[in-house]
Amino acid sequence: MLLRFIFSFLYVRNWYTGELELSRPRVVLFSAMAFIILLGVLLALLLQSPITYTRV
């Protein structure tokens with residue numbers, strides 16, 4: 001119930017029944033946005049890691 005309150009923007013009211021139901025396009029867009037943000041954070045962490053040079 002708490003997740004439904006937090007992610008209320010993912011729900012849309014059904015025209016015929018009047019009940020809230022998950023909107024697939026909204027869930028897909030939200031998932032894609034979350035994936036892109038997570039990928040960006042991981043790439044930023046990877047690119048900021050120090051480079052160590054060793055003599056062979």
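Which residues do ring pairs link into a cluster? They are F7, F9 and F30. This is a predicted model, where local features need pLDDT of at least 70, side-chain atom pairs count only at pLDDT 80 or more, and totals for chains, interfaces and linings use all residues. Residues are numbered from 1 along each chain as its sequence is written, and side-chain values use heavy atoms, with hydrogens and water left out.

Start with the rings. A pair of aromatic rings is described by the distance of the centres and the angle of the planes. Rings of Phe, Tyr and Trp (its six-membered ring) pair if their centres lie within 6.5 Å; planes under 30 degrees apart are stacked, over 60 edge-to-face, and the rest tilted. The structure has three aromatic pairs. One of them joins F7 and F9 edge-to-face, with 6.1 Å between centres and 70° between planes.

How covered are these residues? Buried means under 20% relative accessible area, exposed means over 50%, and partly exposed lies in between (1.4 Å probe, protein chains only). F7 has 28%, so F7 is partly exposed. F9 has 43%, so F9 is partly exposed too.

Now move to F5, in helix 1 (residues 2-6). Helices (H or I, at least four residues) and strands (E, at least two) are DSSP runs, numbered from the N terminus. F5 is exposed because its relative accessible area is 67%. F5 and V56 lie 51 residues apart in sequence and 58 Å apart in space, C-alpha to C-alpha.

S23 sits in the loop between strand 2 (20-22) and helix 2. Its relative accessible area is 12%, so S23 is buried. Beyond its neighbours within four places in sequence, S23 is in contact (heavy atoms within 4.5 Å) with L10 and V12.

Last, look at R4. Its charged end sits over the ring of Y11, 4.9 Å from the ring centre. The rule asks for NZ of Lys or CZ of Arg within 6 Å of the ring centre and within 35 degrees of the ring normal.
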